[in-house]
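Welcome, and please get your viewer ready. We will go from one selection to the next and look at what is there.

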Amino acid sequence: MIDVLVIGGGLAGWRAAEAAVAAGCSVAMVANGSGNSPDIHALNVPVGPGDSVELFVEDTLKSGGGACDPALVEVLCRESVKLAEEFPFDRNADGSYKMIQPLGCSVPRCVSIDHKIGAWALARIKRALKGKVELVQGRVTALEAGGSQFTATVSDAQERVPPVMARAVVLATGGWCGKYDFSDNPPELRGDGIALAQSLGAAVRDLDAVQYEPTVALAPARLRGIPVITTMLYEGATFRNRSGEEFLPDKHANKDAISQAISAEIEAGRGVPARGAPETCGGMPARGAPETCGEEPARGAPETCGVWYDATGVPREILETRYADTVRRYAACGIDITREPMLVAPAPHTSLGGVAIDARCRVLRADGTPIPGLFAAGEVTGGVHGRNRLGGNAGTEVLVFGKIAGESAAQYANLPQ
Ligand SMILES: Cc1cc2nc3c(=O)[nH]c(=O)nc-3n(C[C@H](O)[C@H](O)[C@H](O)COP(=O)(O)OP(=O)(O)OC[C@H]3O[C@@H](n4cnc5c(N)ncnc54)[C@H](O)[C@@H]3O)c2cc1C
């Protein structure tokens, strides 16, 4: 039997594995994909001018609309500062951090490493743990507890996988947005960890809270489902409807408000049909397919109808440096975003609710008592973001709470049984 089983191979899972190995535990990880973590572009650390842990806490609580767990937010914001000691975030020539200001943050707060902090951190941890974690490819379909141990049933299409036994378990299975037809998540993200935790008596919270990414590519087909970063709004980008009219005057609104504004525009019949765009519709189409726009409910419409995300007002040098990946991605499809708008629509992006945990990542029952040996971190949990997540807070969450979950699980596994 191993000490700690980590279920999920995203950044929360690998951070947990890293901490458990550092504590001297034997660790196994079961995963059926790499999840959303390789796509993390940047994350929040309050080390910029005018920023502080207190302001970070205030922004996070405000964004969450009164539904965050203040104890988890306190840990997130306080512990985030240590990430600046651990990671070589990009800096300017004068030594200051290169930062962008995510929607909902009062000041620039998002740091990164070459715009790819998720992939960078995963690669670093995997390199350091090479040969130290038993890796099992597959999907955990059941988790049972009994006799001071957990037994995980694993299924894999390719081969028969024996059950995995462990003293402690960290659930790091990410969210459930992969269940939606039009989403920027991979399909294996189906909320399995929530079901596994519930089967052991865990409480869950805010399961109706899903954050929509306002600007997910609807066309061309090759880019469908890939998000386009919203921070371009601060640099001169805007939204336009099918008539080319600008809408959304408040660029400083949070993602939720922006998604709702786009959905309202589509519902009102002013959306741009995905069919034929942009190749046949040109820049701002006068003609369209009204039958696909304006009739569906706001949350259903984006599959067929979107709006223009127009970055032509962003200075070219900013687009080509700060958003070089987006420029390249569209250019490969024959679209020059310095001259043409992108067709986007809101799509389910992050599930905000999930398993109830305390500040030590112990999974809680409805009466607030912890389930012995069961821990959780990352998007599988609820309470950190409330009803709306600040852009950049998920990356911070997985690094901070993944580490705590691994430490707590190791501590539990090392107790005399
Ligand atoms: C396109 C995109 C870009 C993003 N960019 C940012 C950003 O720049 N900044 C930011 O803060 N946030 C960003 N986010 C959000 C962030 O990526 C996620 O919230 C975060 O990566 C979640 O990490 P995780 O480790 O909890 O889960 P994930 O990274 O999603 O990993 C979940 C893991 O669990 C595995 N799994 C699931 N079910 C099972 C099962 N039953 N058995 C075994 N394994 C299972 C999956 O295969 C996967 O390995 C972005 C999200 C998306 C979709």
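Start with helix H9, which gives four residues to the shell around the ligand, the largest share. H9 spans residues 393-413; helices here are DSSP runs of H or I with at least four residues, strands are runs of E with at least two, and both are numbered from the N terminus.

A word on the model: it is predicted, so local features need pLDDT of at least 70 and side-chain atom pairs pLDDT 80 or more, while totals for chains, interfaces and linings use all residues. Numbering runs from 1 along each chain as its sequence is written, and side-chain values use heavy atoms, without hydrogens and water.

Next, select the ligand. Of the 39 residues around it, Asn32, Gly33, Ser37, Asp192 and Gly395 come nearest (a heavy atom within 4 Å counts as near). Zoom in on Ser37: one of its polar side-chain atoms is 2.5 Å from a ligand oxygen. At Asp192, a side-chain N or O atom sits 2.7 Å from a ligand nitrogen.

Now show H9 again, this time for the core. With nine residues, H9 gives the most to the largest nonpolar core, which has 86 residues, and Val4, Leu5, Phe89, Leu143 and Phe401 have the most contacts inside it. Such a core joins buried Ala, Val, Leu, Ile, Met, Phe, Trp, Tyr and Cys residues through side-chain atoms within 4.5 Å, buried being under 20% relative accessible area (1.4 Å probe, protein chains only).

Finally, select strand S10, residues 210-219, where ten of ten residues are buried.

Note on methods. Buried means under 20% relative accessible area, exposed over 50%, partly exposed in between (1.4 Å probe, protein chains only). A polar contact is a pair of N or O atoms within 3.5 Å; within protein, one must be able to donate a hydrogen and the other to accept it, and residues adjacent in sequence count only if both atoms are side-chain atoms.
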